[in-house]
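Biologist: I have the model open and would like to go through it piece by piece. Can we begin with the sheets?

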Amino acid sequence: MKVMWMQPGRLLPGTQWNGAALQLPAAGGGFTLDEIMLTQARYLNLTLTVQEEHSMAFELRVYGQDEASPRVIVRFGVMPRYRTNICLDLNWLDGHILFPGHVPGELKVVCHGSRIDRSEIVQAELVNIATFHPAHVLFEDVELSDTPRAAAPVPREKLIDAMGQYIPKQWPGKLADVGSLVAMLHEQAALPNAYPFADWTAWGGYAAMKLGNGTGYFTKIKQDDRWYLLDPEGCAFFSMGPDCVIVRNDGRIDGLEPLLAWLPDDPDLVEPLRRPWGEVPRSEGKMISFERANLKRAFGEAWEETWQRMVVSQLKQAGMNTLGNWSDEKLYGRMPYVTMLPRFPETKHTIFRDFPDVLSPEYRQDAARCAQALMARRDDPWMIGYFLRNEPSWAFVDNLIIADEVLRDAADTCCKRELIGWLKERYTAINALNAAWGTSFASFDALLSPIEKASACSAQAESDLRAFSEKLIRAYTSIPAEACRAADPNHMILGMRWAWISDPVLAAGWECFDVFSINCYAVDPTSAIEHVRELGVDLPVMIGEFHFGALDAGPTATGLEAVPSQEERGVAYRYYCERVAAHPYGVGCHYFQCYDQFNLGRFDGENYNIGLFDICLQPYRAMMEAVHACSQTIYQVKAGGCAPVERKPISLPMIAY
């Protein structure tokens, strides 16, 4: 097989030839792409084959002058032993998009970092992210081109069996046939629909710890410098449960049909892609649900009602008391739940990625429209509260000064007009602004024209633009929060589910919430919760997402936190949850997610072993035993009367994209 390298280029330290393939060191290796600095070609095309039994993640890393860390990283995943054509659009380097979509054989693609102009690039590398062992990868036909490379032919070897399991891999508990599947599901359907702890309320609160008069709704209280949630009866409530308690068509198979040993013709099991994530090069999406197929095999046309009873019983018996975000609305009322505003307010023109023109009347009007969706459940006592949204893509850029983007944007936005007016009030005369900023604007109206990174003009310019950015982010959070409070005064606003606090200014507007929420992928979440408190936020903190995955069962990637085995997944779960409970501000953590992801990739290409249950809806026994043990003592840990467990999980480098 011919291997062609672009020249000039060099192998990075530790990378070496292993026959036709490269051996990449566990710490990460690869090669430079010096031609990127010499051409304006749009696409980086290559073909690669991971010669391992698991998926791998790779990164295009691009550096500017004197930068020790990449300014932009394009990360993508690849399936194991699958010859894959990769096409990276170098236009993504301008920072306009976070999730650009993927092609068959490729897995999720994410663009991290800020932006870089092609003329600023001084170094570009193609590397694998760190793995737990040296890995072997065949690279072919690496080229820069004005033409995107088409997807590679799909192999004929079957990779997915009739129940959705990955054929090339074996593990204890893997189901051998449909008969075993049906027997397992009937056993699970017979579980009692009750919490296993006598001192829990019907809501999953702690009856032995009544902290207030019940309001009929979930609420919060601060007592002895510790924040608690309260159930509708006024008892302490620590929120635990999985996100995505739903069986939906979420396995993407368009272009990959030859890899499946079985394809359904039931319209309930197949549907078009309805939720594209960014720009999706695979123009026609086709989704399948093996979870639904397996339930139909066991329970026939009564599968949905049976599943609803079964999954609630499974969660309650494990000691979980919350349906996390993106769960099936038909389950609401069977146990407490959180939800999310169906749509966050928008404006036709955005400042950067998904950041709206927040100072416009349009934004305020749309916030009022979005809030009306809460009216239908405003009297539901089972709703703990609602998030305003999940992981704004603009906030993925560390230290982003959103006011910089306002001035960079060519549009005449309300945000820009307000910023210019604010600067006029601050400086009165343009000469005073020029003196402070080190600029030579002829008038304040000159700021209407696009300005590239105005904060770099001087220290005072940066200070001013950071101050106005806080005003913008406060409007971003407070305007929809106020509209939602008017529509639903009964339920708690659970915040924004920031992917992480990429800048302290993201805390602006916290006073509008009842709970401050973050998603935190870590072994120990203590520092992330503490960081929220250090920012001056005096609210309970809820973690909307965390997970742990392994490679000894199910899919071929671990997700964002990796451990060696299913047993260690359980160890990690308990270690994490008890540290949330032990923190004075921690009031809950929701595990992402209920079921394993599809081996060939969900709608955006993630394929992680992160479920409490596998794709056959079979519980991971070690994981669920740990969940039960954790829940048994969680309220004692929350009250400070019991120390969290000390056994820390064994961590491995993640396989995630």
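Modeller: Strands here are DSSP runs of E of at least two residues, helices are runs of H or I of at least four residues, and both are numbered from the N terminus. Two strands pair if DSSP finds at least two bridges between them. This is a predicted model, where local features need pLDDT of at least 70 and side-chain atom pairs count only at pLDDT 80 or more, while totals for chains, interfaces and linings use all residues. Residues are numbered from 1 along each chain as its sequence is written, and side-chain values use heavy atoms, with hydrogens and water left out.

Biologist: What about the open sheet of 4 strands, parallel or antiparallel?

Modeller: The pairing is parallel, and the order is β15-β26-β25-β24. β15 and β24 (516-518) each have a single partner strand, so one side of each is left without a neighbour in the sheet. On average, neighbouring strands are turned by 15 degrees against each other, direction ignored.

Biologist: How many bridges between β24 and β25?

Modeller: 3 bridges, in the parallel sense, with β25 covering residues 541-543. I518 has I543 as its bridge partner in β25.

Biologist: Which helix packs on that sheet?

Modeller: Helix α10 (residues 566-582), which touches β15, β25 and β26. Contact means heavy atoms within 4.5 Å. The direction of α10 makes about 155 degrees with that of β26. Axes are lines fitted to C-alpha atoms, for helices over the stretch in contact, and angles run from 0 to 180 degrees between N-to-C directions.

Biologist: Next, β8. Is β8 buried or exposed?

Modeller: 6 of the 8 residues of β8 (residues 106-113) are buried, so the strand is largely enclosed by the rest of the structure. Buried means under 20% relative accessible area, exposed means over 50%, and partly exposed is in between (1.4 Å probe, protein chains only). β8 runs antiparallel to β6 (residues 72-78), and 6 bridges join the two. G113 of β8 is the bridge partner of V72.

Biologist: On to helices. At what angle do α1 and α3 pack?

Modeller: About 65 degrees, with the axes of α1 (residues 178-189) and α3 (residues 303-318) 8 Å apart. That makes α1 roughly perpendicular to α3. The cut-offs are under 35 degrees for roughly parallel, over 145 for roughly antiparallel, 65 to 115 for roughly perpendicular, and oblique for the rest.

Biologist: Which residues make the contact?

Modeller: L185, Q188 and A189 from α1, and T306, M310 and Q314 from α3. By class there are 3 nonpolar, 3 polar and no charged residues. Ala, Val, Leu, Ile, Met, Phe, Trp, Tyr, Cys and Pro count as nonpolar, Asp, Glu, Lys and Arg as charged, and the others, Gly among them, as polar.

Biologist: How many residues of α3 are buried?

Modeller: 12 of the 16, so α3 is largely enclosed by the rest of the structure. Among them are W303, W307 and K316. The cover includes α1, β15 (239-242), α2 (290-299) and α11. Just after α3, G319 takes a positive phi of about 95 degrees.

Biologist: Which peptide bond is cis?

Modeller: The one from F592 to Q593, with omega near 20 degrees. Q593 lies in the loop between β26 (586-591) and α11 (621-638).

Biologist: Last one, L506. Buried or exposed?

Modeller: L506 is buried, with a relative accessible area of 3%. L506 sits in the loop between β23 (492-493) and β24. Leaving aside neighbours within four places in sequence, the contacts of L506 include W394, I473 and F516.
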